[in-house]
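This report describes a ligand site, a set of charged side-chain pairs and a surface patch. The sequence and structure are shown first.

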Amino acid sequence: MKVLVPVKRVVDYNVKVRVKSDNTGVDIANVKMSMNPFDEIAVEEAVRLKEKGVATEVIAVSCGVAQCQEILRTALAIGADRAILVETTEELQPLSVAKLLKALVDKEQPGLVILGKQAIDDDANQTGQMLAGLCDLPQATFASKVEIAAGEARVTREVDGGLETVSVSLPAIITADLRLNEPRYVTLPNIMKAKKKQLDTVKPADLGVEIKPHLKTLKVTEPPKRSAGIKVPDVATLVAKLKNEAKVI
Ligand code: AMP
């Protein structure tokens with residue numbers, strides 16, 4: 001069974017992003033970029049499935065600018081077998097990514113696609129769901145455990161107030177939540193090995209997909225600055241302030 005793992009290049013989670021002065025977006029010039037953390041978890045899960053003998057091939061795919069190759073190399077260093085870059089400088093929104101991935105699903109016929117549950121830059125949480133819709137495949141989102149047996153995936157999902165276990169027939173789309181696994185450290189020998197693995201580049205037109213944005217960002221603003229705190233002399237004053245001023249108790 002082939003497993004396809006879409007990985008997105010995003011601003012590293014340690015970077016404190018700054019809004020551009022014209023409020024059109026965040027400044028990503030000269031900022032450290034990395035693989036979306038949920039996608040790292042998705043790659044780790046796919047590689048573990050291969051190590052268990054459940055998956056036969058793990059294919060990482062990224063859509064975006066040429067530099068996405070760097071995160072594809074990271075996926076290869078974690079243990080993916082080969083990678084595909086769908087190269088474009090156009091702005092990619094979730095529906096466009098889902099269409100590109102659908103074309104690759106048609107071509108590669110994976111038994112499973114594992115995406116991250118959400119990209120930490122746009123926080124859309126849409127691509128996996130849209131891909132399942134476009135491919136007319138079952139989906140199990142926010143997975144914290146995945147077991148594959150007898151042509152089915154048993155997926156434990158993190159839902160409000162507990163865990164839900166669902167079973168989906170394969171092929172299926174799964175999105176990875178934080179507690180699915182802890183990705184391994186990428187070792188230097190594996191980084192060296194990854195340099196020799198196959199990385200193919202295609203253009204959206206090669207996949208017959210036209211990139212078209214469906215929404216326009218009107219404005220991006222900083223969150224309001226936190227106002228300074230105050231010190232209260234005793235507990236009684238604190239309780240009085242919480243009651244009468246903050247009105248929270
Ligand atoms: P989103 O719907 O934007 O929150 O993204 C959810 C997931 O879709 C991510 O965690 C990735 O697995 C995948 N994804 C989104 N954008 C891309 C992209 N440009 N290239 C590859 N995978 C992507």
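In this predicted model, Lys2 is partly exposed, with a relative accessible area of 23%. The side chain of Lys2 forms a salt bridge with that of Glu108, at an N to O distance of 2.8 Å. This pair connects distant parts of the chain, since Lys2 belongs to strand E1 (residues 2–6) and Glu108 to helix H3 (residues 94–108), 106 residues apart. Glu108 itself is buried, because its relative accessible area of 10% falls under 20%.

Glu108 also meets the side chain of Arg82 in a salt bridge of 2.7 Å, N to O. Here the partners are 26 residues apart, with Arg82 in strand E5 (residues 82–87) and Glu108 in helix H3. Arg82 counts as buried, at 12% relative accessibility. Lys2, Glu57, Arg82 and Glu108 are linked in a network of salt bridges.

A further salt bridge joins the side chains of Lys8 and Asp121 (3.1 Å, N to O). Lys8 lies in the loop between E1 and strand E2 (9–11), and Asp121 in the loop between E6 and helix H4 (127–135), so this pair ties together parts 113 residues apart in sequence. Lys8 is partly exposed, with a relative accessible area of 28%, and Asp121 is likewise partly exposed, at 41%. The count of salt bridges comes to 17.

| Residue | Distance from ligand oxygen to polar backbone atom |
|---|---|
| Pro6 | 2.9 Å |
| Asn125 | 2.7 Å |
| Gln126 | 2.8 Å |

On its own the ligand has 480 Å² of accessible area, and the protein covers 98% of this.

On the surface, Ile230, Val232, Val235, Leu238, Val239, Leu242, Val248 and Ile249 form a nonpolar patch with about 710 Å² of accessible area together. Ile230 sits in the loop between strand E11 (199–202) and helix H6 (235–244), and is exposed, with a relative accessible area of 66%. By contrast, Ile41 is buried, at 4%. Ile41 is part of helix H1 (residues 37–51), and its C-alpha atom is separated by 7.0 Å from that of Leu180, 139 residues apart along the chain.

Methods: Residues numbered from 1 in each chain as written. Predicted model: local features only at pLDDT ≥ 70, side-chain atom pairs only at ≥ 80, totals over all residues. Heavy atoms only, no water. Polar contact = N/O pair within 3.5 Å; in protein donor to acceptor, adjacent residues only side chain to side chain. Areas by Shrake-Rupley, 256 points an atom, 1.4 Å probe, with all protein chains shown as cover. Patch = residues over 30% accessible without salt bridge, like charges linked within 9 Å, V, L, I, M, F, W, Y side chains within 5 Å. Salt bridge = Lys/Arg side-chain N within 4 Å of Asp/Glu carboxyl O. Helix = DSSP H or I, 4+ residues; strand = E, 2+ residues; numbered from the N terminus. Buried < 20%, exposed > 50% of the residue type's maximum accessible area, 1.4 Å probe, protein only.
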